[in-house]
Amino acid sequence: MIIKGKKNRYLRSQAATMKPVLQIGREGITENLLNQLEILIEKNELIKISLLQNTAVEPQDVIDALNEFDEQIVPIQTIGSKMVLYKKASKIKNRKYSIELENI
């Protein structure tokens with residue numbers, strides 16, 4: 001799934017003021033990290049993650065691992081060591097951004 005145009009711009013603007021909620025460090029991409037990411041993105045729909053300096057993981061490695069783990073998670077933006085990810089929440093009470101995206 002790819003989000004383009006106005007929807008992508010909307011999500012990028014919402015993520016601009018966010019602080020990273022998850023950091024990828026020396027251990028890299030682990031099963032525990034992917035499970036934490038799944039929980040966070042299910043609650044928030046839009047999250048920002050940060051790659052620390054001591055990691056050997058590149059942003060493309062994270063995107064590839066996420067595609068294998070869950071194809072519904074969409075990378076919105078990557079700038080340097082920061083990444084913004086989006087996934088539509090399965091529970092209606094957690095849907096904040098997806099409701100706005102439907103109106104765009």
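For the tour below, Ala, Val, Leu, Ile, Met, Phe, Trp, Tyr, Cys and Pro count as nonpolar, Asp, Glu, Lys and Arg as charged, and the others, Gly among them, as polar. The model is predicted, with local features needing pLDDT of at least 70 and side-chain atom pairs counting only at pLDDT 80 or more, while totals for chains, interfaces and linings use all residues. Residues are numbered from 1 along each chain as its sequence is written, and side-chain values use heavy atoms, without hydrogens and water.

Now centre on L37, which touches L22, I47, I49, L66, I73 and L85, leaving aside residues up to four places away in sequence (contact means heavy atoms within 4.5 Å).

Next, show I24, I29, L33, L34, L37, I49, V62, A65 and L66, the lining of the largest cavity (on a 1 Å grid over the protein atoms alone, a set of points where a 1.4 Å probe fits but cannot get out, lining residues having an atom within 4 Å of a point). This lining comprises nine nonpolar residues, with no polar and no charged ones, and α2 and α3 each give two or more residues to it.

Conventions: 1 Å grid on protein atoms, 1.4 Å probe; cavity = no way out; pocket = protein on both sides within 12 Å on 5 of 7 lines; lining within 4 Å. Helix = DSSP H or I, 4+ residues; strand = E, 2+ residues; numbered from the N terminus.
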